[in-house]
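Subject: Structure for your files

Hello,

Please find the structure below. My notes on it follow, starting with a single residue and then moving to the chain.

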Amino acid sequence: QVQLVESGGGLVQAGGSLRLSCAASGGTFSRYAMGWFRQAPGKDREFVAAVTYSGGSTYYADSVKGRFSISRDNAKSTVYLQMNSLKPEDTAVYYCARDRALWREGVTTRAADFGSWGQGTQVTVSS
């Protein structure tokens, strides 16, 4: 049973940066693609970014492309989300998630394809 624990959230002014981390335990981290999602109050959970199991390819939602960067360190079983040029509309609870599929070629952006989720970390961007 994999466990995912996010950290790094907080309060930041618009234009600032944060780096989220998600540490995995209890599973074979390097065999699965990983993703970040977010959910703002009153809104559905939405895809933010994903990285292949090897770390060789990444994919981003249009709303964060060019500002956010996802990466992973398989030796540390950790995935990161570097968030720059933050905007008030980035305010949300951010969740990391592990793909259900082993050795997926490419990534998926569908929440239903991710089977394990962290508890979330709050990111608040003030204007």
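Arg 38 counts as buried because its relative accessibility is 5%; buried means under 20% relative accessible area, exposed over 50%, and partly exposed in between (1.4 Å probe, protein chains only). This is a predicted model, in which local features need pLDDT of at least 70, side-chain atom pairs count only at pLDDT 80 or more, and totals for chains, interfaces and linings use all residues. Residues are numbered from 1 along each chain as its sequence is written, and side-chain values use heavy atoms, with hydrogens and water left out.

Arg 38 belongs to strand 4, residues 32-39 (strands are DSSP runs of E, at least two residues, and helices are runs of H or I, at least four, numbered from the N terminus). Its side chain makes polar contacts with the side chain of Asp 90, at 2.9 Å, and with the side chain of Tyr 94, at 2.9 Å. A polar contact is a pair of N or O atoms within 3.5 Å; within protein, one must be able to donate a hydrogen and the other to accept it, and residues adjacent in sequence count only if both atoms are side-chain atoms. With neighbours within four places in sequence left aside, the residues in contact with Arg 38 include Asp 44, Arg 45, Glu 46, Phe 68, Glu 89 and Val 93 (contact means heavy atoms within 4.5 Å).

Gly 8 sits in the loop between strand 1 (3-7) and strand 2 (10-13). At 34% relative accessibility, Gly 8 counts as partly exposed. Apart from residues up to four places away in sequence, Gly 8 touches Leu 18, Arg 19, Leu 20 and Thr 121. The C-alpha atoms of Gly 8 and Gln 122 are 8.7 Å apart, although 114 residues separate them along the chain.

Now the chain as a whole. It has 11 strands and 0 helices. Its radius of gyration is 13 Å, close to the 14 Å that the globule rule gives for 127 residues, so the chain is as compact as a globular protein of that length (the radius is taken over C-alpha atoms, and the rule is 2.2 Å times the number of residues to the power 0.38). The C-alpha trace spans about 40 × 30 × 25 Å along its principal axes. Of the 127 residues, 44% are buried. Among contacts with a separation of 6 or more, 59% are between residues 24 or more positions apart.

Regards
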